[in-house]
Amino acid sequence: MPIRFLTAGESHGRGLVCIIEGIPANLELSSEYINRELERRQRGYGRGGRMKIEKDRVQILSGVRFGKTLGGPIALFIENKDWENWKEKMAVEGERPETAVPFTRPRPGHADLAGGIKYNQRDLRNVLERASARETACRVSLGAVCKRFLEELGVFVGSYVVSIGPLCPPIEEQDLIKRHQLAEQSEVRFPDPSKDKEFMELIDRAKEMGESLGGVFEVFAVGVPPGLGSHVHWDRKLDGRIAQAMMSIQAIKGVEIGLGFEAAKRFGSEVHDEIGYREGEGYFRYSNNLGGLEGGITNGMPIIVRCAMKPIPTLTKPLRSVDVLTKEEVRAGKERTDVVAVPAASVVGESALALVLADAFLEKVGGDFMEEIKERYRIYLEHVKSF
């Protein structure tokens, strides 16, 4: 069965609901494992006041018994601690209170106006609450379930920040897992904590100016075998599925795999990854410029995905806008916001990649319980080694 998931909930509603289907039975899973991933999402210098309110903790409502998955849908719930301050203004039923002042000044760069037009909502809060990046807490929770599954198959998914705004120091460490480990020690998830001061000074300057910042992060997966995905039809190409998953993350405006756009500037001999063979080990590549994917199929090298995140659209010095009720020129509305959320987005990117890879693994090897899947995967790896 393919991995399918749904998320529901508003940023200031009672909470977030997540359901994932397709996870096999007998996978060891705990709420603490998921909570560690949620905690990682809330880190990062430049985050706003919401992170001081919300200390995300997941409740596993179904699909797990005595620490192991049952094979059915897994339902998760994350309470919004800020609900106490919003339960009148975001009430599900009853009359609208006077305190629920309509949000009518759309922010450039946000879904406010486009969503208001699409769904015929003059109070743009009916759009922005669902469009909010608060929804990514769901995807991190669901991605954590998939990361737990991938761990059982020897796959590690990690990430690190490459740049914030114009600041893009060179990354000396070449080992991907070591980069991830160093990023975990950094205030901004850059794989060289000694550069934190430079990043923090840039973020502080942006905050003083009433600005926000975007940036670039990389997500990777090591231990992925060749043969996931397919070339036979457009919607089975794994690089396309990965790109869609990454672009669906709030504020992501660009995705590259491997060299990405840089490959367009080089000769073919400088791009394509030459093939070698070792007796008893199988095929290998001398480089990984294509980021582990050829023809929509994994080739056994680490998957490397780079994502560009735009600056957050809520500014403390708002841009020009138009009030959707009066049609008068105004300054855009303000919500509580971050200066930069690139470090958090890199963690969300891990979850997006994990969701796609877990689906691709199950598509390839099949199976309803972990023991069956591991045995089928072992047989497939023997085929890869002997090909």
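## Cysteines

The sulfur of Cys307 lies 15 Å from the closest cysteine sulfur, in Cys168, which is too far for a bond. Cys307 has a relative accessibility of 1% and counts as buried (under 20% relative accessible area; exposed is over 50%, partly exposed in between; 1.4 Å probe, protein chains only).

The whole structure contains 0 disulfides, a disulfide being a pair of cysteine sulfur atoms within 2.5 Å. Cys18 is likewise in no disulfide, with the nearest cysteine sulfur, that of Cys138, 3.0 Å away. Cys18 is buried at 0% relative accessible area.

## Basis of the model

This is a predicted model, in which local features need pLDDT of at least 70 and side-chain atom pairs count only at pLDDT 80 or more, while totals for chains, interfaces and linings use all residues. Residues are numbered from 1 along each chain as its sequence is written, and side-chain values use heavy atoms, with hydrogens and water left out.

## Largest pocket

The largest pocket has a volume of about 960 Å³ (the space filled by probe spheres set on grid points joined across faces, edges and corners). A pocket is an open set of points on a 1 Å grid over the protein atoms alone, where a 1.4 Å probe fits, with protein on both sides within 12 Å along at least five of seven lines; lining residues have an atom within 4 Å of a point.

Its lining comprises 37 residues, with His110, Ala131, Ser132, Ala133 and Gln250 nearest the centre.

## Second largest pocket

The second largest pocket, of about 580 Å³, is lined by 21 residues; Pro226, Tyr283, Asn299, Gly300 and Val384 lie nearest its centre.
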